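Have the structure open beside you as you read.

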Amino acid sequence: MRFLRSAAAIAATLCAATASAQSTVTVYGKLDVGLRQAIGSEDREVATGGDSRLGFRGTEDLGGGLKAFFQIEHRFFGDTGGQDGAQFWKGISHVGLDTPWGRFALGRQYSAAFSLVQNQIDPFGGDTVAQLRDVSMRVGGITKVRVDNSVRYDISANGFSAAASVAEAPADGSAPDKHVSAAALYRQGPWFVAAGVEDPSGAEDKQWNVGAGYTVGPAALTVGYSSGTTAAGADATGWMLGLNWTVGSGVVKAAYGQQERDDETYARKLGLGYHHALSKRTTLYADIGHDAEAATRRTGYDLGIIHTF
């Protein structure tokens with residue numbers, strides 16, 4: 001009888017533990033296809049303004065303030081269905097733990113400086129011919145959006161977010177060093193400020209960024225600055241201004257920025273656009289980009305539709 005009571009108590013404990021370990025998995029995605037003429041090209045084509053994607057993310061409540069999480073994301077071209085790049089899970093592929101002391105993740109993931117600074121300033125989010133992120137916030141081809149074989153730590157509280165990431169040196173020996181990045185962002189009411197540093201895998205390359213934003217009424221204003229040194233030892237700098245202006249169901253977007261390499265102007269670009277939300281998940285967009293330093297065909301456009309799920 002005593003054995004049966006003990007067995008029943010153990011079974012009840014296991015059932016309670018199982019019930020408390022709540023888990024969720026979410027499937028999400030984005031399809032982006034439109035008509036494009038790229039800057040520097042005479043071709044008019046059906047193309048994608050930004051990568052389409054299919055992803056899975058999930059969490060499991062482990063109790064005691066601990067949660068396990070994962071995320072994998074495939075990137076592809078919506079106009080052809082072809083895979084973008086060699087890696088199937090190009091967008092992200094990581095797993096980790098959320099704890100009371102911060103978030104720890106391992107795998108292929110965004111660098112700290114990219115997610116907290118470089119990707120916060122451009123109104124176009126790095127997409128379409130109008131984007132300024134890769135012109136002014138990621139100068140000289142120095143930085144990495146994502147890094148393989150990386151460890152990342154994030155912490156956030158009271159509007160303050162900070163992150164640090166480190167990745168192994170490339171296994172093929174193409175660069176000698178580990179990739180290291182750190183960044184912080186503080187958001188309070190209508191404004192934010194951010195700063196970050198990145199030391200990629202080369203012996204000489206490095207970059208730092210600062211940025212800020214302020215929202216007043218329907219207008220969200222941003223400003224950013226970047227400075228760094230390429231793997232070849234060239235100096236590179238960039239700056240940009242951005243604007244998102246909400247008008248009813250749409251957003252008017254504008255940005256202007258420059259990039260210099262060894263004191264010579266490399267890019268002077270203006271981006272203009274209008275994005276109209278048909279629903280929470282479907283948006284039409286019309287964007288124009290003009291780079292005064294382009295060697296040929298200085299103006300391009302994207303007209304497209306985005307659907308997210």
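Which residue takes a positive phi near 60 degrees in the hairpin of β9 and β10? G189 does, in a hairpin with two residues between the strands.

A word on the ground rules. This is a predicted model, in which local features need pLDDT of at least 70 and side-chain atom pairs count only at pLDDT 80 or more, while totals for chains, interfaces and linings use all residues. Residues are numbered from 1 along each chain as its sequence is written, and side-chain values use heavy atoms, with hydrogens and water left out.

**Around the hairpin**

Strand β9 (residues 179-188) has partners in β8 and β10. Strands here are DSSP runs (E, at least two residues), numbered from the N terminus, and two of them pair if DSSP finds at least two bridges between them. With strand β8 (residues 160-167), β9 pairs in the antiparallel sense over eight bridges, and F160 stands opposite Y186 in β9. With strand β10 (residues 191-199), β9 also runs antiparallel, joined by nine bridges; there A182 faces V197 in β10.

**Arginine 36**

R36 sits in strand β1 (residues 23-37). Its relative accessibility is 18%, so R36 counts as buried (under 20% relative accessible area, with a 1.4 Å probe and protein chains only). The side chains of R36 and D302 are joined by a polar contact of 2.9 Å (a pair of N or O atoms within 3.5 Å, where within protein one must be able to donate a hydrogen and the other to accept it, and residues adjacent in sequence count only if both atoms are side-chain atoms). Leaving aside residues up to four places away in sequence, R36 touches several others, including D43, T128 and Y301 (heavy atoms within 4.5 Å).

**Two pockets**

A pocket is an open set of points on a 1 Å grid over the protein atoms alone, where a 1.4 Å probe fits, with protein on both sides within 12 Å along at least five of seven lines; lining residues have an atom within 4 Å of a point. Volume is the space filled by probe spheres set on the points, which are joined across faces, edges and corners.

| Largest | about 870 Å³ | G125, G126, D127, R133 and D134 |

Elements giving two or more residues to the lining of the largest pocket include β1 and β14 (250-261). For the second largest pocket, such elements include β1 and β16 (282-291).

Technical notes:
Helices (H or I, at least four residues) and strands (E, at least two) are DSSP runs, numbered from the N terminus. Buried means under 20% relative accessible area, exposed over 50%, partly exposed in between (1.4 Å probe, protein chains only).
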